[in-house]
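Subject: A structure to look at

Dear colleague,

Here is the structure that I promised to hand over, together with some notes on what was found in it. Please open it first and keep it beside you while you read.

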Amino acid sequence: MSQLTQYTEKPETMQYMPLPDSELADVWLRKNIAEVKGEQDGESGTQYEADEVYFRTSLSEEDVAESFDELFENGGTTIDEDTGEESVSNPTLAERVEALEEAFIEYVASKEGE
């Protein structure tokens, strides 16, 4: 299921973020990206809106790109061709925050060495 999201900068159609020390990745797929002009507090500005689907997967970035439309339409759910079972991992908010914190810590550590 997609949801309407808003951005201050134009988002990429697909965002694939491998999780540290894991074979999983967080994925955001976006369609219908549109520039929206608006005004807030007397100042005009531009923002972007898009229909977005988020999910966690063990698929590679290439596999996600190849199955973009199917994954978007199915809300990130894939069907295992061998078993016929649905496969999707939609993490809880706490799991998402934990993954972001881990990624941020790893990013900061990589910048300290520069």
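**What was found**

Phe-68 is buried, as its relative accessible area is 14%; here buried means under 20% relative accessible area, exposed over 50%, and partly exposed in between, with a 1.4 Å probe and protein chains only. Before going on, please note that this is a predicted model, in which local features need pLDDT of at least 70 and side-chain atom pairs count only at pLDDT 80 or more, while totals for chains, interfaces and linings use all residues. Residues are numbered from 1 along each chain as its sequence is written, and side-chain values use heavy atoms, with hydrogens and water left out.

If we leave aside neighbours within four places in sequence, Phe-68 is in contact (heavy atoms within 4.5 Å) with Thr-13, Met-14, Leu-29, Arg-30 and Lys-31. Phe-68 also belongs to the largest nonpolar core, which has ten residues, among them Tyr-16, Val-27, Val-53 and Phe-72. Such a core is a set of buried Ala, Val, Leu, Ile, Met, Phe, Trp, Tyr and Cys residues joined through side-chain atoms within 4.5 Å. Two or more residues of this core come from each of strand S3 (25–40), strand S4 (43–57) and helix H2 (68–73); helices (H or I, at least four residues) and strands (E, at least two) are DSSP runs, numbered from the N terminus.

How many aromatic pairs does a search of the whole structure find? There are two, where rings of Phe, Tyr and Trp (its six-membered ring) pair if their centres lie within 6.5 Å, and planes under 30 degrees apart count as stacked, over 60 as edge-to-face and the rest as tilted. The rings of Trp-28 and Tyr-54 have centres 5.1 Å apart and planes at 45°, so this pair is tilted. Because Trp-28 lies in strand S3 and Tyr-54 in strand S4, the pair ties together parts that are 26 residues apart in sequence, and both residues are buried. The rings of Phe-68 and Phe-72 have centres 6.3 Å apart and planes at 10°, so that pair is stacked. Both of these residues lie in helix H2, four residues apart, which is about one turn of the helix, and Phe-72 is buried as well, with a relative accessible area of 8%.

Glu-12, by contrast, is exposed, with a relative accessible area of 58%, and has its place in the loop between strand S1 (3–7) and strand S2 (14–18). Apart from neighbours within four places in sequence, Glu-12 is in contact with Arg-30 and Ile-33.

With best wishes
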